[in-house]
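Student: Could you take me through one part of this structure closely? I'd like to look at the surroundings of the ligand.

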Amino acid sequence: MGGVELKEVELMIIGSGPAGVAAAVEAARAGVKVCLVDENPMPGGQIYRQLSTGFEVQDAVMLGRDYLRGQKLLAEFEDVCNQVEYDKDTLIWGIFPDNEVSLLQADRSFSMRYRKLIVAVGAYDRPVPFPGWTLPGVFTAGGAQRLVKTQRVLPGERILLVGTGPLLLALAKQITDAGGTVVGIVETGRIHNRFRLLKAAWGQWQLISDAWHYFRGIRKAGIPLWRGHIILEARGEGRVEEVVVAEVDEQWNPRAGTQRTLSVDTVCVGYGFIPSTELTRLAQCEHRYDPLLGGWIPVRAENMETSVADIYAVGDCAGVAGSMVALDEGRIAGLAAAHSLGYLSSVEALGRMRPIRKSLAALMRLRRVLDEISVPRPGLYQLAKDDTIVCRCEEITLGEIREALKDGANDMNEVKRMTRMGMGHCQGRMCGPALQEIIALEKGLPAADIAYLNPRPPVKPIPLSALAEHTNSQ
Ligand SMILES: Cc1cc2nc3c(=O)[nH]c(=O)nc-3n(C[C@H](O)[C@H](O)[C@H](O)COP(=O)(O)OP(=O)(O)OC[C@H]3O[C@@H](n4cnc5c(N)ncnc54)[C@H](O)[C@@H]3O)c2cc1C
């Protein structure tokens, strides 16, 4: 896409969630001219997601703790806004050699260059295929939360939450606060060592207070919490009418004779998150498989720089660890970029980073313990049957994947070529993580040995007309 001179920005940041905004604040405070880009219409990302335009907030307290924390961060952002060009509703659809990125803004596609780039594009719900997961009424937990947070719309009337991790607790509280009925929480993980958890959590008063707040809300609403249980199936004529759950063993395989059927019209499934690594993979950054996360993450130095010069990765896209970690990592990368652009001396940058690094180290100790409870076990990927659709875009079933493997496919890219799996609208974001685990189980290999799907631009769908008229100027 060379030719005409491209507009160059000093520091481009992709994503205005906690990580991206924190990076922008620190870099801008140091004097860097920042270009912050987000495909969303408003900053805040997942956790500090704002209400849609058209809503007016009369009592911010009603919107919960995260909303109020988000307002604090956005106030910091407001203070540096004369140093930041904020491009909302703008998708970065590709990263190319020579520090070039391609953007889509109001159906116009164009390229720009950066001197430094911070990728802070977050994560997405881990998709888990099980019989009935394509029925209307089955949501990802993040999708349901988005409805409640941005539109004040409940996903259904009798809602069951299944999965693992703190998001289920937060979501139960958010749904009940919004007037909805949560029938129960099916938490697949089990806490084996409460002492270790308490030790790692010691000092994390904000997180402890949040957990207490959620548990209290759940108890007050009388919501049952079934630990060590998993969803087996969602059933219904044309939409969810009931769900079968069962107790699990250590590997999350269902224990015989423990099945129970629950009458619900909505299931929100939250088995953790998958880091959005499409852009860092496209940029050829080195990635490693993190077994505790159950996904790929970019390899980074202490200052958040990836293996590719000038590119940093922070927050959930570099290892899902929560909003406080995202904030700390964003601040470190913002300072590191400001230093490498010559705005801060090493002494200044390191001095500002020191307390943030300390906070980050403590948060990561707790994160590892939480990950051990929630890391997906093999039973999760044995829920699907031969006729269960795994690739929703191309409607490829588990049976078809098994056939392709029998016919000689050895990895994800070969299954993709033989079945069209991962070639649809989502470009493998929905089916890729499950496919990796399925191949690993079928072949008896560790998931880390199954190479990921080759990334291709555009990383998200863009109109063909925009591509045809792509220009090198904004
Ligand atoms: C669905 C979901 C729900 C969550 N809910 C909670 C919760 O209730 N409580 C909690 O403690 N934690 C929650 N988390 C975790 C928490 O949100 C994150 O840890 C935190 O928001 C991560 O911040 P981040 O800045 O790394 O990413 P995010 O907050 O995800 O922000 C990433 C931003 O990047 C933008 N973006 C992505 N791709 C592109 C692109 N190609 N071009 C332009 N912009 C792009 C997105 O629009 C988004 O605004 C949730 C995470 C997810 C994925």
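Predicted model: local features only at pLDDT ≥ 70, side-chain atom pairs only at ≥ 80, totals over all residues.

**Around the ligand**

The chain is divided into domain 1 (8-124 + 274-344), domain 2 (127-271) and domain 3 (386-449), with bounds taken from an automatic or database domain assignment.

Now to the ligand itself. Domain 1 and domain 2 both contribute residues to the shell around the ligand, so it lies between them. The C-alpha centres of these two domains, domain 1 and domain 2, are 29 Å apart.

The ligand is surrounded by 35 residues, and the closest are Gly17, Gly45, Gly122, Gly142 and Gly315; a residue counts as near if its C-beta atom, placed from the backbone, lies within 6 Å of the molecule. Two or more residues each come from helix H1 (18-29), strand E4 (90-96), strand E7 (123-125), helix H3 (141-151), helix H4 (166-177) and helix H8 (323-340). Here helices (H or I, at least four residues) and strands (E, at least two) are DSSP runs, numbered from the N terminus.

By class, the shell holds 16 nonpolar, 14 polar and five charged residues. Ala, Val, Leu, Ile, Met, Phe, Trp, Tyr, Cys and Pro count as nonpolar, Asp, Glu, Lys and Arg as charged, and the others, Gly among them, as polar.

Terms used. Residues numbered from 1 in each chain as written.
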